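Please read them alongside the structure.

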Amino acid sequence: MLQTQSSLITWSQERNMKWLVLLVLVAFLKCIVKIPLRRVKTMRNTVSGKNMLNNFLKEHACRLSQISFCGSNLTTFPLRNIMDMLYVGNITIGTPPQEFQVLFDTGSSFLWVPSVFCKSSTCSKRIRFRHLQSSTLRLTDKICRITYGSRRIKGIVVRDTVRMGDLVSTDQLFGLSLVEYGFEDIPFDGILGLNYPNISSAGAIPIVDNLKNQGAISEPVFAFYLSKYKQEGSVVMFGGVDQRYYKGELNWVPLIQVGGWTVHMDCISMKRKVIACSGGCHADFDTRTSLIQGPSTLVNNIQKLIGSRQRGSQHYVSCSAVNTLPSIIFTINGINYLVPAQAYILKDSRGHCCTTFEENKVSSSTETWILGDVFLRLYFSVFDRGNDRIGLPRAL
């Protein structure tokens, strides 16, 4: 790692050294972190946070401790919905700020965007971070590889200022991809991870931790409201919850263990009969996953029970039968969470009705279900890092 003293070199020399260091690091990609990626569809986001909106939301916000109460420094950040398959938002990095569209992902912990040095064809189609245009960029000697299932990136780790609406995370560690594989069909610029730091790449502190440590948010809490059909209306909020987005109790569910958004699920049933998770299982809440995923044999059984037929990789039902199909119930911590057919059946681009159940190709010794956006559109989701729990009230 090259080091310089500002008193001995000019700005031009320092700039040239940054370029040299970045080029050298391309050849020394060593650390490997594997994070399974479930199926992801594509979208773009052009919405940014507004001061007036945030001030209004704060008046109606409630913070989380033992009992929710009003008055926290809640920040609500708009997301955009594309085809009910993916939700992304705009962030900026650097000084002056450079804007990127990122997927807010509860399944990973690391933030990355493409580097201007990235030569992969996928990078040329997206916005790339221009290092030399940021006066607050700081280099590190950390390099990494990140794997998302069949997709992966190779890159370097740097520090800079990251902004999400009114929230500012200074000296934030994040990745700059130099090589990418498997991202040809995904047009968003990068991924912003919201999971625990133990799965973060290169020991980087996740942005939620940084925001809490720097006093930008009073509670290490964030929550999602995901709209259906509409491009606008979806939000992610940091520092607390806004009660106008849900009804009833928060229904807190403890995590199985600290380090991931995984809870114990009692069973999955339909017409009062258990159809999966008969002895209890794990449920992961993942905003990167658009569908509901589970073990192959159990997913195939559900497809048969709802009368779907396979064509290619998809399973279809008659659109006229959707209103007659039964709800599927996910029982978590003794509470029944109904997912009606109108939610687990979606129309594709050709107007055909396909099911949203899919095989989870990531092997696990424990029966595990991934509850993605299909489930999270129905239930407002609160991720409470301070108390290691998830809240699941009914979304409005």
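1. The count comes to eight salt bridges, where a salt bridge is a side-chain nitrogen of Lys or Arg within 4 Å of a carboxyl oxygen of Asp or Glu.

2. On the basis of these notes: this is a predicted model, in which local features need pLDDT of at least 70 and side-chain atom pairs count only at pLDDT 80 or more, while totals for chains, interfaces and linings use all residues. Residues are numbered from 1 along each chain as its sequence is written, and side-chain values use heavy atoms, with hydrogens and water left out.

3. Aspartate 209 pairs with arginine 385 in a salt bridge, with 2.7 Å between the closest N and O atoms. Aspartate 209 sits in helix α4 (residues 207-213) and arginine 385 in the loop between β30 (381-384) and β31 (389-391), so the pair ties together parts 176 residues apart in sequence. Helices (H or I, at least four residues) and strands (E, at least two) are DSSP runs, numbered from the N terminus.

4. Are these two partners buried or exposed? Aspartate 209 is buried, at 16% relative accessible area, and arginine 385 is buried at 15%. Buried means under 20% relative accessible area, exposed over 50%, and partly exposed in between (1.4 Å probe, protein chains only).

5. Arginine 389 forms a salt bridge with aspartate 384, the closest N and O atoms lying 2.8 Å apart. Arginine 389 is buried at 14% relative accessibility, and aspartate 384 is buried at 1%. Elsewhere, salt bridges with shared partners join Arg138, Arg159 and Asp171 into one network.

6. Aspartate 348 and arginine 350 also form a salt bridge, with closest N and O atoms 3.5 Å apart. Arginine 350 is exposed, with a relative accessible area of 57%.
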